Amino acid sequence: MTEFVSTAVQGGVAYLTLTRPQALNALSLEMIRAMTQALQQWEADPAVQAVVVAGAGGKAFCAGGDIRWFHQAYHANDPLLDQFFVEEYALNHLIHRYSKPYIALMDGVVMGGGMGISQGARLRIVTDRTKMAMPETNIGLFPDVGGGWFLARTPGHIGEYLGLTGVVIHAADALYAQLADTYLPSNAMAELAASLQARAFDSGDAVLAHIATFTDQHTAGCVPQASHLAQHAGTIDALFAKATAQEILDTVSDTAGDWAAQTAATLRSRSPLMLCVTLEQIRRARTMSLEDELRMELDMMYDVFRHGDGIEGIRALFVDKDHQPKWNPGRLDEVTPGRVRAFFDSKWRREAHPLAAMG
């Protein structure tokens, strides 16, 4: 397929592996195109009953998009920067609507774009090594790749908490937040792959049934660590239900305890503009179809690199690495409603939208 995507079909199961471990399997446009081509071919192939997606290297499923390339493409005025997100969101949609079981082995780092290629899976498997997050507000972006849609469908107001803070969660939290379906110890992942490859399957349901039996056998007595989200769920629902990002920050700051103090400090370090935009995104997404939400995200992403904090955030954290982004504006109380609303104004007529054919 490409240098960083490998494919194989055996016993009715197609295997797609991201093979860019030196970059934690971060997605390039070429990788997105290779994945799309493979999935479309397999969907039409009667010999393929299910698809298993994994990341090579043992450290990451997929850490997201190629952030440094975004920075380079922006400064080079490269039109492929916009095209990257058009094709990435189309891939996310393909996965969500895939007609055959798509199974994501979410071992290691699963962030940003990695969530985009896993949250639409029929079966999402996490391990004791899973480190999951939508950390975009930390670099002046918003939780895209369908993030508004799937965060809005977590219990209570967990979606706002995860989207605004970008905190890293682990297996038990992912299961509690309904961002994963089942748990498997990481040391059993290779054995799962071997057990699949040793059999021939005549249906997608047979593949899912085999995996269910395997996970049941290998998770007996292996309970992932306690969920911090579950422990703080009541507090999260009370604090992150507030109407604005400023109200959320004020209320969190006034709440006693180490968790609240850490959460307030995290919120203060994020882009004020993108905190407001992200909150609006998740709230809007609760009543939107996946297709409309992805189209909305493309509208938003168009603004992020032109009128938002995206390039500055990437510069500060990934290019210069001074970790001192100069957010514009620098304070939440300086973010105007009009500037937030502008992110949601589509730059295209509906029929001319790059994702118009979706859905």
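Start by selecting Thr137, which sits in the loop between strand S8 (131-133) and helix H5 (147-151). Keep in mind as you go that this is a predicted model.

**Stop 1: Thr137 and its surroundings**

Is Thr137 buried or exposed? Its relative accessibility is 0%, so Thr137 counts as buried. Now show its side chain and look towards Leu164: the side chain of Thr137 reaches the backbone oxygen of Leu164 at 2.9 Å. To see what else surrounds this threonine, leave aside its neighbours within four places in sequence and display its contacts. Among them are Gly163, Leu164 and Thr165, together with Arg270, Ser271, Met274, Leu275, Thr278 and Trp327.

**Stop 2: Phe70 and its ring partners**

Next, select Phe70 and Phe85. A search of the whole structure finds 12 aromatic pairs. In the pair of Phe70 and Phe85, the ring centres are 5.1 Å apart and the planes are at 50 degrees, so this pair is tilted. Colour the helices and you will find Phe70 in helix H2 (residues 67-75) and Phe85 in helix H3 (residues 80-96), so the pair ties together parts that are 15 residues apart in sequence. Both of these phenylalanines are buried.

How are the rings of Phe70 and Phe305 arranged as an aromatic pair? They are edge-to-face, with 6.2 Å from centre to centre and 70 degrees between the planes. This pair links distant parts of the chain: Phe70 is in helix H2 and Phe305 in helix H15 (residues 290-307), 235 residues apart. Phe70 has 4% relative accessibility and therefore counts as buried. Phe305, at 3%, counts as buried too.

Now widen the selection to Trp69, Phe70, Phe84, Phe85, Tyr89 and Phe305, and you have one aromatic cluster on screen.

**Stop 3: Arginines over rings**

Move on to Phe4 and show Arg20 with it. Arg20 lies over the face of Phe4, at 5.2 Å from the ring centre. Then jump to Phe344, where Arg284 lies over the face of the ring, at 4.3 Å from its centre.

**Stop 4: The cysteines**

How many disulfides does a search of the whole structure find? The search finds 0. Cys62 has 0% relative accessibility, so Cys62 counts as buried. Cys276 has 16% relative accessibility; the cut-off for buried is under 20%, so Cys276 counts as buried as well.

Technical notes: Residues numbered from 1 in each chain as written. Predicted model: local features only at pLDDT ≥ 70, side-chain atom pairs only at ≥ 80, totals over all residues. Heavy atoms only, no water. Phe/Tyr/Trp six-rings, centres within 6.5 Å; stacked < 30°, edge-to-face > 60°. Helix = DSSP H or I, 4+ residues; strand = E, 2+ residues; numbered from the N terminus. Buried < 20%, exposed > 50% of the residue type's maximum accessible area, 1.4 Å probe, protein only. Lys NZ or Arg CZ within 6 Å of the ring centre and 35° of its normal. Disulfide = S-S within 2.5 Å. Polar contact = N/O pair within 3.5 Å; in protein donor to acceptor, adjacent residues only side chain to side chain. Contact = heavy atoms within 4.5 Å.
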